[in-house]
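Student: I've just opened this one and I'd like to go through it with you. Could we start with the backbone and then move on to other things?

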Amino acid sequence: MTMRAPDSDLPIVLEDVRYGVRDLIIIDGMSLMLTPGAPTVLIGPNGSGKTTLLRLMMGLIEPTSGRVTWGGRTHVPPARRAIVFQRPVMLRRSVAANIHYALAAAGIGRHQHAERARDLLEQAGLSALAERPARRLSGGEQQRLALARGLARDPQVLFLDEPTASLDPAATKAIEDVVRAVSARGIKVVMSTHDLGEARRLAGDIVFIHRGRVIESAPAAEFFAHPKTDDARRFVAGELLV
Amino acid sequence: MQEKLMHADTSALDLVLSADPALMEIVRLSLLVSLGAVVAAAVIGFPLGAVIALTRYPGREASIVVLNALMGLPPVVVGLAVYLLLSRSGPLGTWGLLFTPAAMVIAQTILVTPIIAALARQTIEDLWTEYREELAAMNVGPIGRVATLLWDARFSLLTALLAGFGRAAAEVGAVIIVGGNIDGFTRTMTTAIALETSKGDLPLAIGLGMVLIAIVIIVNALAWGVRRAGERLAG
Ligand SMILES: Nc1ncnc2c1ncn2[C@@H]1O[C@H](COP(=O)(O)OP(=O)(O)O)[C@@H](O)[C@H]1O
Ligand SMILES: [Mg+2]
């Protein structure tokens, strides 16, 4: 008798994935493999397809053609994956109630909620705001609450869509610190950004996309030191890609 | 004339302040009928609104337009329709409900259901547009989604109930046709005002008018309070 390995969502594999809306092709034949390890950072100009790629990998939308597999399986519900949207939706409840909701949605037993909620709030630096209506929080606080809500299900993979866009340096640092801590705990982080500084600070691997295609995919050090393609070189040099 | 009106005013106030038994009975029946109608309309209207908001089917747009239009149903027409249904020779004539409070509850339920269903539909659909992806990402199933939407929309849904109650309490056309304005049995504030005014008994009509306006103000104050509480608690 063989022991069956516990089901894992990793690796996440995209095989020639296309995604379009009516005539518009948004993801134009991407093949990718995401394995456990340091954060994978998706970079690329606005409109290159980062958000759409994250939604495909989260399983929120289905490819028009090609397929996405999680640990070799298709159509795996997002029980062990979490996503923080660029503009997270705050449930019309208190900060603490948002966390409790996420814990319940993750199927975590009620008797554990109080302790888990306390830890998550602490980790997100929101303990003092627990009873505030979530929708009254600042942008940075909302991002941290969304992050805590995502972590509530103890995910294997955490997707973040430009989590620090439009945040000031202090709020950005708070988010990046949580991301580093989460990654150090062995959670696979996959995040998009169009901030090259952030990509340098956090990335283990870089996936550079442009116009719905993967232009380059490489370890971060290698990508920034020796971009192989012209587009990547220009993007790294800070030129405007259109 | 001036003097007669002044006199009517003071005796109307006396009736209200002394909690005149005949007046109180009319107020009690009015409230019971309208409350009954709102409860029945909520039982039908909330699920109906939720289903229209959350499902896709052919003719959906048209059904939304119809539902919104039904919010403005003329009470006398509803009264007439229910009258025809419940009259001796009507399809439901054997139930013997015509000219009873039950008939009045039925007629007002028909008036109020579209209001509650249409407001619930709008509220739930707007919230769903906002929550959809986030709930999908949290792996929330269909029942959990509906529960979440209803809970997070609770303040707006409560406002819809109050709007329905306001409409029921203030209408006269439907209840006068199917209730018949029978003294001590189916006489409500609005039907009594209509009758007493035409008879020239102004004190009772004015007294009831004052009570009715007070109720409308209270209902609106409640709606306002609910809105404020919602903003404070839910943001
Ligand atoms: N549902 C949709 N319908 C139409 N166009 C879309 C849709 N989703 C994304 N797009 C378009 O696809 C392109 C890529 O979008 P997105 O994935 O959001 O890029 P990024 O996150 O890199 O800015 C954009 O031009 C966007 O307008
Ligand atoms: Mg985006």
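Student: Where in chain A is A:Asp16 found?

Tutor: A:Asp16 is found in strand β1 of chain A, and, since you will be working from coordinates, please keep in mind that this is a predicted model.

Student: OK, and what is its phi, roughly?

Tutor: The phi of A:Asp16 is positive, at about 45°, although the residue is not a glycine.

Student: Which peptide bond is cis?

Tutor: The bond from A:Leu10 to A:Pro11 is cis, with an omega near -5°, and A:Pro11 is found in the segment before β1 of chain A, the strand that covers 12–21.

Student: Switching to the ligand, which residues are around ligand 1?

Tutor: The residues around ligand 1 are A:Val21, A:Leu24 and A:Ile26, together with the run A:Pro45, A:Asn46, A:Gly47, A:Ser48, A:Gly49, A:Lys50, A:Thr51 and A:Thr52.

Student: How far is an oxygen atom of ligand 1 from the side chain of A:Thr52?

Tutor: An N or O atom in the side chain of A:Thr52 is 2.6 Å from an oxygen atom of the ligand.

Student: And what about the backbone of A:Lys50 and A:Ser48?

Tutor: For A:Lys50, a polar backbone atom is 2.8 Å from an oxygen atom of ligand 1, while for A:Ser48 a backbone N or O atom lies 3.3 Å from a ligand oxygen.

Student: Now chain B. At what angle do α2 and α7 pack?

Tutor: Helix α2 (residues 21–54) and helix α7 (residues 154–170), both of chain B, pack at an angle of about 135°, with their axes 9 Å apart.

Student: Why is that oblique and not roughly antiparallel?

Tutor: The roughly antiparallel label is for angles over 145 degrees, so at about 135° α2(B) is oblique to α7(B). The crossing of this pair is right-handed.

Student: Which residues meet there?

Tutor: From α2(B) there are B:Leu31, B:Ser34, B:Leu35, B:Val38, B:Ala42 and B:Phe46, and they meet B:Leu157, B:Leu161, B:Gly164, B:Phe165, B:Ala168 and B:Ala169 of α7(B). By class, this contact has 10 nonpolar residues, two polar ones and no charged ones.

Student: How do α2(B) and α5(B) cross?

Tutor: Their axes come within 5 Å and cross at roughly 35°, where α5 is the helix of residues 101–137 in chain B, and this crossing is right-handed. The residues of the contact of α2(B) with α5(B) divide into 23 nonpolar, seven polar and two charged.

Definitions and conventions:
Residues are numbered from 1 along each chain as its sequence is written. Chains are lettered from A and ligands numbered from 1 in the order in which they are written. This is a predicted model: local features need pLDDT of at least 70, side-chain atom pairs count only at pLDDT 80 or more; totals for chains, interfaces and linings use all residues. Side-chain values use heavy atoms; hydrogens and water are left out. Axes are lines fitted to C-alpha atoms, for helices over the stretch in contact, and angles run from 0 to 180 degrees between N-to-C directions. Helices (H or I, at least four residues) and strands (E, at least two) are DSSP runs, numbered from the N terminus. Angles under 35 degrees count as roughly parallel, over 145 as roughly antiparallel, 65 to 115 as roughly perpendicular and the rest as oblique. A crossing is left-handed if the near helix is turned anticlockwise from the far one by less than a right angle, and right-handed if clockwise. Contact means heavy atoms within 4.5 Å. Ala, Val, Leu, Ile, Met, Phe, Trp, Tyr, Cys and Pro count as nonpolar, Asp, Glu, Lys and Arg as charged, and the others, Gly among them, as polar. A residue is near a molecule or strand if one of its heavy atoms lies within 4 Å of it. A polar contact is a pair of N or O atoms within 3.5 Å; within protein, one must be able to donate a hydrogen and the other to accept it, and residues adjacent in sequence count only if both atoms are side-chain atoms.
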